[in-house]
Amino acid sequence: VLQTRDPHSLIKPNKKNKEATEDVTSQLENYKVKATRHIFLIRHSQYNLNAQTDKERSLTSLGREQAELTGQRLASLGLNYNVIVHSSMTRAKETTAIISKHLPDVEIVSCDLLREGAPIEPIPPISHWKPEAMQYHEDGARIEAAFRRYIHRADLKQQSDSYEIIVCHANVIRYFVCRALQFPPEGWLRMCLNNGSITWLTVRPNGRVALRSLGDTGFMPPDKLTR
């Protein structure tokens, strides 16, 4: 996905003569991306694990405190955020609502693709969590589609750097990180992310991705940390 926006993929070089080669060079300049995308992946705050339905899995009082702290942290960075995209699950929606109070002028968008799930069978496997093969098939296709929608270099028309917030879930974030860094995605379950944590990916104009922070919760007091 990060390579499909390479300028070379957008034109058809003609190698017959020098003039054609020079023309291709000129075209490449027109197709070069100029802006950097900064993507902040936020894990939702602590929620009621004992509930039976998604609607009942609302944030705990501690979870609401965590979301306040995450919102304060994002605001303190002083960045001009472009959008907040959130999973349509209750815990992500409630986390977003609290964060958005600290970023009142930022557009909010809901996305079903970002819902929690089982992206790919982990290697090595773990004994206490074994989804059915069909769940990997269904969730994996959806979460991969979410990755392709949100993790890519900037569009040609984007002239300035962007700062985008995505509020979703631990499995989704871990899979995104592995895919973006070109690590084997089967290793996604080896990373731990606290509730309300901030993972910061940067996608440069040339498609190179950097992980600036993974699961940062250094802005929270130790007694507020949960997984």
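Which residues do ring pairs link into a cluster? The cluster consists of Phe 40, Tyr 81 and Trp 200, and point 4 below describes its geometry.

1. Basis of the note. This is a predicted model, in which local features need pLDDT of at least 70 and side-chain atom pairs count only at pLDDT 80 or more, while totals for chains, interfaces and linings use all residues. Residues are numbered from 1 along each chain as its sequence is written, and side-chain values use heavy atoms, with hydrogens and water left out.

2. Overall composition. The protein chain holds five helices and six strands, taken as DSSP runs numbered from the N terminus (helices: H or I, at least four residues; strands: E, at least two). Along the sequence their pattern is α-β-α-β-α-β-α-β-α-β-β. Of its 227 residues, 49% count as buried; buried denotes under 20% relative accessible area, exposed over 50%, and partly exposed the range in between, with a 1.4 Å probe and protein chains only. Among contacts (heavy atoms within 4.5 Å) between residues at least 6 apart in sequence, 73% join residues at least 24 apart.

3. Six strands make up an open sheet of mixed pairing, in the order 3-2-4-1-5-6; two strands pair if DSSP finds at least two bridges between them. Strand 3 (107–111) and strand 6 stand at the edges with a single partner strand each, so one side of each has no neighbour in the sheet. Strands 1 and 5 are paired in the antiparallel sense over six bridges, and Ile 39 stands opposite Leu 201 in strand 5.

4. Rings of Phe, Tyr and Trp (its six-membered ring) pair if their centres lie within 6.5 Å; planes under 30 degrees apart count as stacked, over 60 as edge-to-face and the rest as tilted. The count by this rule is three aromatic pairs. Phe 40 and Tyr 81 have ring centres 5.7 Å apart and planes at 75°, so this pair is edge-to-face. Because Phe 40 lies in strand 1 and Tyr 81 in the loop between helix 2 (61–76) and strand 2 (83–87), the pair ties together parts that are 41 residues apart in sequence. For Phe 40 and Trp 200 the centres are 4.6 Å apart and the planes are at 35°, so the pair is tilted. This second pair links distant parts of the chain, with Phe 40 in strand 1 and Trp 200 in strand 5, 160 residues apart. Phe 40 counts as buried at 0% relative accessibility, as does Trp 200 at 16%; Tyr 81 is buried too.

5. Charges over rings. A charge is assigned to a ring if NZ of Lys or CZ of Arg is within 6 Å of the ring centre and within 35 degrees of the ring normal. Arg 212 lies over the face of Trp 200, at 4.1 Å from the ring centre. Arg 91 lies over the face of Tyr 47, at 4.2 Å from the ring centre.

6. Helix 5. Of the 11 residues of helix 5 (residues 170–180), 10 are buried, so the helix is largely enclosed by the rest of the structure. Among the buried residues are Ile 173, Arg 174 and Val 177. Their cover includes strand 1 (37–43), helix 4 (133–150), strand 4 (162–168), strand 5 (198–203) and strand 6 (209–216).

7. Thr 199. This residue is found in strand 5 and is buried, with a relative accessible area of 0%. The side chain of Thr 199 reaches the backbone nitrogen of Gly 215 at 2.9 Å, a polar contact (a pair of N or O atoms within 3.5 Å; within protein, one must be able to donate a hydrogen and the other to accept it, and residues adjacent in sequence count only if both atoms are side-chain atoms). Leaving aside residues up to four places away in sequence, Thr 199 touches residues including Phe 40, Ile 173, Val 177 and Leu 211.

8. Backbone details. Ile 123 and Pro 124 are joined by a cis peptide bond, with omega about 0°; Pro 124 is found in the loop between strand 3 and helix 4. Gln 182 has a positive phi of about 65° although it is not a glycine. Gln 182 is found in the loop between helix 5 and strand 5 and is exposed, with a relative accessible area of 71%.
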